[in-house]
Amino acid sequence: MRPSVLFVSHGSPTLVLDPIPAHAALRALGAALPVPAAVLVISAHWETTAPTVDAAPQPATIHDFYGFPADLYAQRYAAPGAPALARRAHELLAAAGLDPAPPAERGLDHGAWVPLALLRPAADVPVFQVSVVPDRDAAWHRRLGAALAPLRDEGVMIVGSGAVTHTLRAIDWRRRGGPGLPWVEDFADAVAARVTAGETLDDWLTLPHAAANHPSPEHFLPLPAAQGAAGGAAATLVHRSTDFAALRMDVYRWE
């Protein structure tokens, strides 16, 4: 069986510690998924000017955030890397005409290791990353995902990690759970209607309140990349919740 494609909204880095609904949902999803040969993460927190693959043999855990509890900085995700699969991914991107940069040895940013610590807490599956290119649009990222899709036939689970909504200035740190701001919910619901119908997000900036929910695009782009990796199929919305009033924590799965 080909591994699933996922899109996860990784929210605050404290997701790995906080017993919120999205934390429990990712743990349950990970326990239900077959064990893949490897995991490829397309993370919002690796931004480059050309698509780049991480070929580190033992990726470091990158704590790319500031001002959080000490327990968070103590977290390590010690999964092995996948250099051979990373080289294969680079070849696929080149064959698709996407002009990838040479493979790098970077490590796992929190867009990768935070959700993986819940999906695969044993860190027993090789992990590698591909960057997003914020100068490129959603349609280009859908092409990027489609170029990487053959890796699924080699047992690789592809995970887009970003955020359905990502307006940091609207975060209310006092509000955990419950409904979000109306314009946050309206946008996320419009996205869900598209993704669960198998419709593209090439014109996502025309959806209600798109610019307000994404002042910059990098957290949204892993979602069309995941759609491309899934071949344009309809997704299942496996989890929906809102954190801090402004972060929809939606998780999608494609079979």
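Predicted model: local features only at pLDDT ≥ 70, side-chain atom pairs only at ≥ 80, totals over all residues.
**View 1. Salt bridge between Glu154 and Arg88.** The side chains of these two residues come together with an N to O distance of 2.8 Å. Glu154 sits in the loop between helix 5 (138-148) and strand 4 (156-162), whereas Arg88 belongs to helix 3 (residues 83-95), so the contact ties together parts that are 66 residues apart in sequence. Glu154 is partly exposed, its relative accessible area being 35%, and Arg88 is likewise partly exposed, at 29% relative accessibility.

**View 2. Salt bridge between Arg142 and Asp202.** Here the side chains meet at 2.6 Å, N to O. The pair links distant parts of the chain, with Arg142 in helix 5 and Asp202 in the loop between helix 6 (182-196) and helix 7 (210-213), 60 residues apart. Arg142 counts as partly exposed at 30% relative accessibility, and Asp202 is also partly exposed, with a relative accessible area of 33%.

**View 3. Salt bridge between Glu185 and Arg240.** The closest N and O atoms of this pair are 3.1 Å apart. Glu185 lies in helix 6 and Arg240 in the loop between strand 5 (236-239) and strand 6 (242-243), a link between distant parts of the chain that are 55 residues apart. Glu185 is buried, with a relative accessible area of 10%, while Arg240 is partly exposed at 43% relative accessibility.

**View 4. Network of salt bridges that includes Glu185 and Arg240.** Besides these two residues, Asp189, Arg248 and Asp250 are linked in the network. Across the whole structure, a search finds 15 salt bridges.

Key:
Residues numbered from 1 in each chain as written. Heavy atoms only, no water. Salt bridge = Lys/Arg side-chain N within 4 Å of Asp/Glu carboxyl O. Helix = DSSP H or I, 4+ residues; strand = E, 2+ residues; numbered from the N terminus. Buried < 20%, exposed > 50% of the residue type's maximum accessible area, 1.4 Å probe, protein only.
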